[in-house]
Amino acid sequence: LLLARCLLEDGRRTKAREEMNTAIAQGTRPFLAYRFVGEIDLAEGKSTSLSNAELQMMLRQRPDDLVTRMLLGESYERQGAFAQAAATYEEATKLNPKLLSAATKLAELNAGPLNDSGKALEFARKAREIAPNDPKVLGMLGDAAYQTGNFKWAYSLLQESARRLPNNTEVLYDFAWAAYSMGRVSEARQAVQRLLALSPNSNQQ
């Protein structure tokens with residue numbers, strides 16, 4: 001395991017993964033070996049290669065391990081098990097109320113497939129409390145506010161988010177709708193024009 005850690009720190013991820021797979025096959029400190037594979041997946045920006053059963057086994061051994069819990073939530077998401085993913089992320093927020101990634105995941109799930117605008121707003125608020133100056137969080141909260149009918153607040157949040165993220169097409173799209181809902185047609189038009197300039201084939205119209 002120490003060799004694999006050194007290999008990862010040297011940027012030799014493929015070799016580190018091979019060492020971990022060997023450790024898993026040999027049954028060497030299984031929790032640490034499996035978790036290390038999860039860390040390599042995260043470092044490579046990949047979906048975890050660990051199965052739900054493996055991740056659940058890890059949580060039985062270390063129920064307070066946030067990395068494993070977040071990996072399990074993401075695995076549920078990929079499989080379309082959105083309610084299970086949300087429950088897993090909520091457990092993560094109980095372990096660490098200031099975990100931004102869990103709060104944003106919950107806001108996105110509730111705004112999307114779970115279709116609960118009230119909860120989406122609740123978790124978007126929490127995300128903003130954790131990261132008040134993050135423009136992406138501002139945009140997410142603005143969208144949640146818009147979905148609950150608070151157009152004035154949504155406009156204010158999305159205006160600031162769009163100012164700080166001028167090339168973010170999702171923020172521009174949401175800002176355009178918020179501006180239009182406030183009767184600011186000229187601003188909405190400008191946002192749409194900017195959106196189309198950035199993404200000519202966009203279907204966000």
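User: Which helix gives the most to the lining of the largest pocket?

Analyst: Good place to begin, and keep in mind that this model is predicted. Three helices, α7 (100-111), α9 (135-147) and α11 (169-181), each supply at least two residues of that lining. The one that gives the most, with seven residues, is α7.

User: What is the volume of the largest pocket, and which residues are the closest to its centre?

Analyst: The largest pocket has a volume of about 510 Å³. Its lining is made up of 21 residues. The closest to the centre are E108, K136, G139, M140 and E170.

User: Now for helices α5 and α6: are they roughly parallel or antiparallel?

Analyst: Helix α5 (residues 66-78) packs against helix α6 (residues 82-95) with the axes 7 Å apart, at an angle of about 160°. Angles over 145 degrees count as roughly antiparallel. Therefore α5 and α6 are roughly antiparallel.

User: Which residues of α6 meet α5, and is the crossing left-handed or right-handed?

Analyst: From α5, the residues in the contact include L66, M70 and Y76. On the α6 side they are F82, Q84, A85, T88, Y89, E91, A92 and L95. The contact of α5 with α6 divides into nine nonpolar, three polar and four charged residues. As for the way α5 passes α6, the crossing is left-handed.

Technical notes:
Residues are numbered from 1 along each chain as its sequence is written. This is a predicted model: local features need pLDDT of at least 70, side-chain atom pairs count only at pLDDT 80 or more; totals for chains, interfaces and linings use all residues. Side-chain values use heavy atoms; hydrogens and water are left out. Axes are lines fitted to C-alpha atoms, for helices over the stretch in contact, and angles run from 0 to 180 degrees between N-to-C directions. Helices (H or I, at least four residues) and strands (E, at least two) are DSSP runs, numbered from the N terminus. Angles under 35 degrees count as roughly parallel, over 145 as roughly antiparallel, 65 to 115 as roughly perpendicular and the rest as oblique. A crossing is left-handed if the near helix is turned anticlockwise from the far one by less than a right angle, and right-handed if clockwise. Contact means heavy atoms within 4.5 Å. Ala, Val, Leu, Ile, Met, Phe, Trp, Tyr, Cys and Pro count as nonpolar, Asp, Glu, Lys and Arg as charged, and the others, Gly among them, as polar. On a 1 Å grid over the protein atoms alone, a cavity is a set of points where a 1.4 Å probe fits but cannot get out, and a pocket is an open set with protein on both sides within 12 Å along at least five of seven lines; lining residues have an atom within 4 Å of a point. Grid points are joined across faces, edges and corners, and a volume is the space filled by probe spheres set on the points.
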